[in-house]
Amino acid sequence: MHTDLWERGCERLAAELPEQQFNTWIRPLPPADVTLAGDGVLVGLRVPNRFKLDWIRAQYGSRIEATLSELAGKPVRLELSLLPRDAVARAQGMAAAPAAQAGAAPQPTQSPMAIGAALHAAATARHDPQSVVPTPGGSANGRAAPRVGEPGGPVGTSTLPVAPTLSPAVSRGRLNPALTFDTLVPGRANQMARTAALHVVGAPGHMYNPLFIYGGVGLGKTHLIHAVGNALIRDNPDARVLYLHAEQFISDVVRNYQRKTFDELKAKYHSLDLLLIDDVQFFAGKDRTQEEFFNAFEALLAKRAHIIMTSDTYPKGLVDIDERLTSRFDAGLTVAIEPPELEMRVAILMKKSDAEGSRMPEDVAFFVAKNVRANVRELEGALRKVLAYSRFSHKEISINLAREALKDLLSIQNRQVSVENIQKTVADFYKIKIADMYSKKRPASIARPRQIAMYLAKEMTQKSLPEIGELFGGRDHTTVLHAVRKIGGERQKNTELNQQLHVLEQTLKG
Ligand SMILES: Nc1ncnc2c1ncn2[C@@H]1O[C@H](COP(=O)(O)OP(=O)(O)OP(=O)(O)O)[C@@H](O)[C@H]1O
């Protein structure tokens, strides 16, 4: 077994990567789970938040896989997942004291892995934006520069001053130069959001301010707002653009609160031309953060700076966020990004495989796209698996190869969802009693979830209409057919319903 594979990998990465990059991104990770999987090795890494997960995957994923594969002498597949929230919260609670000493250097005598475990708690509690933010990645003329960690890319320590008021170069450093409009595949699912975003690039500070983009996980919200930032800086290299995840804003507020340096916070945020802030649902229940964000928001709009926010739900659907904020979020333009349809998924697979230098034949792209429907992030994961499998096995990319590479994923997808499970999940979601699924009650608050459950039963199980009717309290098959048509039709037009169905489908697929 390769029990010490991760530790050896860390040692190698510590020697190869610039020190600050290793210390920021790899060292704080908790020890990986290493398991043998077929002819290869599966290395599971848990990361405290989505921002870090995306960054580590984009910047270091292939490098980690290559390093570990070399050490193991067999193919290694890296799987990144989020640490459960309670584990993060526990670590934050435990780390209250170390957080005060954020930045303390690890003891050199410890192994990278031991240090990783020890520092993990402090790192998750710290969330120091300056420490987690990558070094500048854009060139002076705004064209894409090599990424952090790539040959020719910037080294760990920024030579730029980190002033409370961001210099344009520092703000540019927070954008991922790979996330542009060119690399974002357009389609019906992101048409509105993309068009609105392009308007902002054309006339920042004018129309659609603030722009609020919402949608389920992995659908391209972050990509789109980075694209706006990158395009704006390309057109105007002096523009002060800041991208940050809502959690970083929260940490900034906490830090300035502790130090009583609110003027610095104001100077930093109120001076921007474009603020891109991801996942504002994270502000829930954080009153002081909401107050500071409100102040920044008002100051930026007053000087015609643009604000773009993303969230997993529309403004009125945000919970534990002050209404004076949510009503302002809704005051510009609110647009949804929907799950991509089949053709768009195929286009994404083909574009991304081209970018990797291994074209995926169209029939294979259709096969993968038909089987991976949840979101683009999962689609990318499936693509990575197929490409890696083809590389390691020295075989051409074909449907058979894709079937083999994705067999775990396909077996999960094919797992049967039962009508009983659908009834329970839908009842929980809409907060009605499960008995109402079989009852004859007709108020809309009950009849509609029941119709939604019937629709999902038809979509997600092999049951016939009469069988479904029977399982819903002995209803006639025409009642089921009516529900299936009604909900299916509405889904096409009603974004909110579509999002709810998407969440339910994801939950049911486990
Ligand atoms: N239309 C698209 N074309 C190309 N790539 C896309 C598209 N949509 C999403 N992606 C890619 O899918 C991945 C996930 O997208 P992104 O991180 O922007 O999703 P998100 O909606 O912000 O998710 P989350 O809410 O989980 O943060 C990224 O690698 C992104 O580049």
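By class, the shell around the ligand has seven nonpolar, seven polar and five charged residues, where Ala, Val, Leu, Ile, Met, Phe, Trp, Tyr, Cys and Pro count as nonpolar, Asp, Glu, Lys and Arg as charged, and the others, Gly among them, as polar. This is a predicted model, in which local features need pLDDT of at least 70 and side-chain atom pairs count only at pLDDT 80 or more, while totals for chains, interfaces and linings use all residues. Residues are numbered from 1 along each chain as its sequence is written.

Of the 19 residues around the ligand, Gly-220, Lys-221, Thr-222, His-223 and Val-376 come nearest; a residue is near a molecule if its C-beta atom, placed from the backbone, lies within 6 Å of it. Helix H3 (50-72), helix H10 (221-235) and helix H17 (376-393) are the elements that give two or more residues to this shell, helices (H or I, at least four residues) and strands (E, at least two) being DSSP runs numbered from the N terminus. Because domain 2 (131-139 + 165-336) and domain 3 (342-413) both give residues to the shell, the ligand lies between them; the domain bounds come from an automatic or database domain assignment.

The UniProt annotation "binding site" covers Gly-218, Gly-220, Lys-221 and Thr-222; such positions are given in the numbering used here, with shortened feature names, and annotations may be inferred rather than shown by experiment. Two of these residues are set out below, with contacts that leave aside neighbours within four places in sequence. Two residues are in contact if their C-beta atoms, placed from the backbone, lie within 7 Å, and a residue is buried if 20 or more other C-beta atoms lie within 10 Å of its own, exposed if 12 or fewer, and partly exposed in between.

| Residue | Location | C-beta atoms within 10 Å | Contacts |
|---|---|---|---|
| Thr-222 | helix H10 | 22, buried | Asp-54, Asp-278, Thr-310 |

A nonpolar core is a set of buried Ala, Val, Leu, Ile, Met, Phe, Trp, Tyr and Cys residues joined through C-beta atoms within 7 Å. Of the 74 residues in the largest such core, Ile-213, Val-228, Leu-275, Leu-276, Ile-308, Leu-349 and Val-368 touch the most other members. H10 gives the most to this core, with seven residues, and at least three residues come from each of domain 2 and domain 3. Not counting residues up to four places away in sequence, Val-228 touches Ala-197, Val-200, Val-201, Leu-276 and Ile-308. A second, separate core of 21 residues includes Cys-10, Leu-29, Leu-45 and Tyr-60.
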